[in-house]
Amino acid sequence: MVAHTNGFYARDYSLWLGWNNMRYIIEAALLHGRILNRTTVIPSFVYARACEFDIHTCAAWATMVNRGDAVGSDEWRELPIEQQMAWKIPISLMFNLTHIRETHSVVTVSEFLRLHNISTDVETGPGHWDIEAYHHISSTGEREPSLHVIENNWYDPSDIVRVDRIPDDMRERGGWSPEGGDSSRAQIGTWNTPTNTSLYHALMDVVPSESWPVLSRNDVRMVVEDGERITSQSSDEEIAAVLRENGFEPLYTYEGAAGMEAVKDVVLPILEAAPRERIQGFYEDFSNISAKVLLVHGEIHWNRKPGSLFFTTASSRARFTQTVLYDIRLTQNIIDLAWKLRDRMLAVNDGRLWMAGHMRRGDFVRLQWAMEADFRTHLARIKRNLDEGRHVLESIHGGNVTTYNVPDAEPDLSLAHLDPPLPDDRYYIATDERDPGNLAYLKEQGGVLISDLLTFEDRREFGWAIMLTDVLALLEQSLLSHAAYFYAHAFSSVAGGVMNLRASMGADPRTAKLD
């Protein structure tokens, strides 16, 4: 696997983040490794943040650490000591590593270290790449394995738009030359064919700022629609052709939920645009580096689109969508158990379709990010939205079912065939709320929790890892993907993971709402 690539692609991983943000980072790292034909190195472990039982019960199965000490952060120091604990677990518990290797070259840090006869004990707790520990100085004074560092401010500084690669037709349009570029930031290439059309200047007039030259799809349409060649019914490719003729390039990317980039799902492909002269290719800048290890320093995750770059073709975006939806797969025990729980939820409502919500509390309440500070107000909001969802399902019943605009999706025909929910049907709630009084109220209001569905036999068959809330949350995400209608907070990365699962299973776009 490694021998067929041009070395390794490494990142500074942020292991203090929750799993869904970590997964988004890994998705981007796999993309970058594939663009450069390098083997992506991912962490060997992650931290599970809570135990469903007494913390020492989980500690009997997984290494318990003080989370702040492990990742070098004081964020949790004021919490009760049991809430500061975390459990170090193999990353293979979080997704099917064998399956991803069928399509991507990927190794864990511990595997990288063993390949180079370095002790696995040196793998860092916070997730950063330790240049001194992961490499050694040879007898000739050279660092081995050889290393090249992409400094953080080289990756996507404000004066460029980072894309996957520059296709041949774009190079020809813009007179791109591999000569020149800002060598102080490892940039290669210059654009030598300026544009001076009236539409180019009209587009430049609505560029948001010098430091953010990307036009939203709405801004693009506002400028290029002329009622003749381009109308409100024109396709993305028709608009892309006009952009290319006028010094701009289409950027293929994804719509962020509620206009934000916190939820990096890939279910809503969109077209944006940027001036051609601001575009800088990831492949062009870094594919010529011969060092065995190519390392990106620091975090390139926050406030960025899925993949942490833009795509220059619809096909390259579609390939990344496939990676997210199908190549990175949950472990089989989670998939199988989620199907069992799905059937139990159907039985709860006598075979009718069932709805679900994600109710993020916990740290979101502490950080004042929750939808509603008050638990009962929060639940009432979810119920109102699920009631709207019930009417959506009634409108779909017996009719046509569509899918998200993603590759290889087959429509979930149960939406049309099974009866829709009744007004008083019970609904599923995935939540990190732990207050007994609040949970009792939730059940009184018709909510069903994971603890209501799981049996002793389920837990024994699944194994010890289900005691850890991060693993249990993966099971709940998989279960939520089966819900006929889903409602959640657009600021929670958990919701993005559910949306991706739903799209891969053929959910109808009308059957989910994030706000």
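Leaving aside its neighbours within four places in sequence, with which residues is Gly 298 in contact? Gly 298 is in contact with Asp 12 and Asn 152, where contact means heavy atoms within 4.5 Å. This is a predicted model, in which local features need pLDDT of at least 70 and side-chain atom pairs count only at pLDDT 80 or more, while totals for chains, interfaces and linings use all residues. Residues are numbered from 1 along each chain as its sequence is written, and side-chain values use heavy atoms, with hydrogens and water left out.

Gly 298 is located in the loop between strand 14 (293-296) and helix 13 (314-327); helices (H or I, at least four residues) and strands (E, at least two) are DSSP runs, numbered from the N terminus. Its C-alpha lies 7.7 Å from that of Glu 151, although the two residues are 147 apart in sequence. Because its relative accessibility is 26%, Gly 298 counts as partly exposed, that is, between buried (under 20%) and exposed (over 50%), using a 1.4 Å probe and protein chains only.

His 99, in helix 4 (residues 97-100), has a relative accessibility of 13% and therefore counts as buried. Not counting residues up to four places away in sequence, His 99 touches Tyr 326, Asp 327 and Arg 329.

Phe 375, Arg 376 and Leu 379 in helix 16 meet Asn 438, Tyr 441 and Leu 442 in helix 18.
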